[in-house]
Amino acid sequence: MGHVFLPFFLLKPLLDLGSRLVRFANAQPIPAGALCRLGGDNFLAVIKNEKLSQFLEYMTELKVEVADADGNMIVVEISARMGIYAVQPGDSMGTALSGSSIALNMARKANNDYHVWYQPQMFERSAHDKEVIALFPKALRAGEFHVYYQ
């Protein structure tokens with residue numbers, strides 16, 4: 001528990017993704033923003049408004065070539081899903097992180113939407129989902145419904 005095992009040849013695409021983020025931030029004449037790796041394949045990028053469309057375009061098509069276990073070169077396409085929160089004056093970092101996290105979860109569920117902008121109703125939906133999840137064990141114990149496996 002708490003460990004992730006990844007075939008060695010898949011680590012390179014993750015490192016390439018991080019390098020790509022760093023290259024974008026460093027290649028700008030004016031710093032485009034700040035970024036950090038939160039862990040695993042999760043990154044946080046704080047991008048200036050005027051650089052956002054360029055950043056999204058830069059991150060859309062991510063393909064890297066890596067060697068598989070037998071030394072054969074294969075192309076790995078990285079799907080970069082992003083939750084975007086437009087920071088407003090007075091917003092705390094916690095608010096921005098929470099909003100972008102909620103939008104990211106929506107992006108992960110979407111079929112073709114790789115970039116999802118946070119909308120206030122997403123917070124309400126997220127709170128409702130957490131409420132249902134919290135009540136689920138109690139409902140099972142109370143016999144309010146039964147789970148059947150096929």
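**View 1. The hairpin of β3 and β4 in the predicted model**. Five residues lie between the two strands of this hairpin, and Gly 71 adopts a positive phi near 90 degrees. Strand β3 covers residues 62-67 and strand β4 covers residues 73-78. The two strands run antiparallel and are joined by six bridges. Val 64 has Val 76 of β4 as its bridge partner.

**View 2. The packing of α3 against α4**. Helix α4 spans residues 120-141. Its axis lies 10 Å from that of α3, at an angle of about 80 degrees. α3 is therefore roughly perpendicular to α4, since angles of 65 to 115 degrees fall in that class.

**View 3. The residues between α3 and α4**. From α3, the contact draws on Ile 102, Ala 103, Met 106 and Lys 109. From α4, Met 122, Phe 123, Ser 126 and Asp 129 take part. By class, five residues of this contact are nonpolar, one is polar and two are charged.

**View 4. The centre of the largest pocket**. This pocket has a volume of about 1,000 Å³. It is lined by 37 residues. Closest to the centre are Phe 43, Leu 44, Ala 45, Met 82 and Gly 83.

**View 5. The elements that line the largest pocket**. Two helices, α1 (8-27) and α2 (49-60), each supply at least two lining residues. So do the strands β2 (42-47) and β5 (82-84), and also α3 (93-109). The largest share comes from α3, with seven residues. The lining has 25 nonpolar residues, alongside seven polar and five charged ones.

Conventions: Residues numbered from 1 in each chain as written. Predicted model: local features only at pLDDT ≥ 70, side-chain atom pairs only at ≥ 80, totals over all residues. Heavy atoms only, no water. 1 Å grid on protein atoms, 1.4 Å probe; cavity = no way out; pocket = protein on both sides within 12 Å on 5 of 7 lines; lining within 4 Å. Points joined across faces, edges and corners; volume = space filled by probe spheres on them. Helix = DSSP H or I, 4+ residues; strand = E, 2+ residues; numbered from the N terminus. Nonpolar A, V, L, I, M, F, W, Y, C, P; charged D, E, K, R; others polar. Axes fitted to C-alpha atoms, helices over the stretch in contact; angles between N-to-C directions. Parallel < 35°, antiparallel > 145°, perpendicular 65-115°, else oblique. Contact = heavy atoms within 4.5 Å. Pairing = 2+ DSSP bridges.
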